[in-house]
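Colleague: I'd like to learn how to read the packing in a model like this one. Could you walk me through it?

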Amino acid sequence: MGKFAVSGDSFELHSLFVSTVVDRYSRLVQLCEQKALGWESSGTEEGGGNVVGGPVVILFSKPIPDLPNFLETLFSSRAPFRLWGIPEITSQGVAEVEAVDLHVGQRLRFDVGDLWMRIYLEQGSCGNTIARLVSNLQHRFDGALRLADPELDEAVGRHLEPMAA
């Protein structure tokens, strides 16, 4: 559970701030879960269906300087990321990783290039995994990263209006 430490004279302002952050975080988690990969049956006797969802794509503002070292840190099982996986770097320089989020015990897949990361969340998985990852990447690697989907990027707070005093 997250915590907030505040100081000042206005409980209402602090309460509004906390409420805004919690609402934004909740929206990001829900939007990520809506992007999760799944299978939608056609509902006909003939069978068949469609794959639904897609990856969440993170775009970095600067290249990853040392991809193997970055991947070792990201998938080391240690805080803050708490992801475990064994990256395989293709001849095109893209890392493919089947990983486990040790925080919630769920599987997910990653593709990582030097300027981007794709995360494939499976239907029924918790979008909190992506929200935590984005937050940790912003704090430790690239504070200017963006999400390729405009709705997700907005949920991260990229387009917030300054609060009136």
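Colleague: Let's start with helix H2. What do its buried residues pack against?

Modeller: Bear in mind that this is a predicted model. To read packing, take the buried side of a helix and list the elements in contact with it. For H2, the buried residues pack against strands S4 (83-85) and S5 (88-89), then S6, S7 and S8, and also helix H3.

Colleague: Which residues of H2 are buried?

Modeller: Leu-67, Phe-70, Leu-71 and Leu-74. Looking down the axis of H2, you find these buried residues within an arc of 95°, so they line one face of the helix.

Colleague: Let me pick one of them. Which residues does Phe-70 touch, leaving out those up to four places away in sequence?

Modeller: Phe-60, Ile-64, Val-112, Met-117, Leu-137 and Phe-141. Two of those names come back when you look at the largest nonpolar core: in this set of 36 residues, Phe-70, Phe-110, Met-117 and Leu-137 touch the most other members.

Colleague: Which elements supply at least two residues each to that core?

Modeller: On the helix side there are H1 (11-34), H2 (67-74), H3 (128-140) and H4 (150-156). The strands are S3 (56-59), S6 (95-101), S7 (106-112) and S8 (116-121). H3 gives the largest share, five residues.

Colleague: Is Ile-86 buried or exposed?

Modeller: Check its relative accessibility against the cut-off: exposed means over 50%. Ile-86 comes out at 58%, so it counts as exposed.

Colleague: Let's zoom out. How many helices and strands does the protein have?

Modeller: Four helices and nine strands. Walking along the sequence, you read α-β-β-β-α-β-β-β-β-β-α-β-α.

Colleague: What share of the contacts with a separation of 6 or more comes from residues 24 or more positions apart?

Modeller: That share is 48%.

Notes:
Residues numbered from 1 in each chain as written. Predicted model: local features only at pLDDT ≥ 70, side-chain atom pairs only at ≥ 80, totals over all residues. Heavy atoms only, no water. Core = buried A, V, L, I, M, F, W, Y, C linked by side-chain atoms within 4.5 Å. Buried < 20%, exposed > 50% of the residue type's maximum accessible area, 1.4 Å probe, protein only. Contact = heavy atoms within 4.5 Å. Arc of directions from axis to C-beta.
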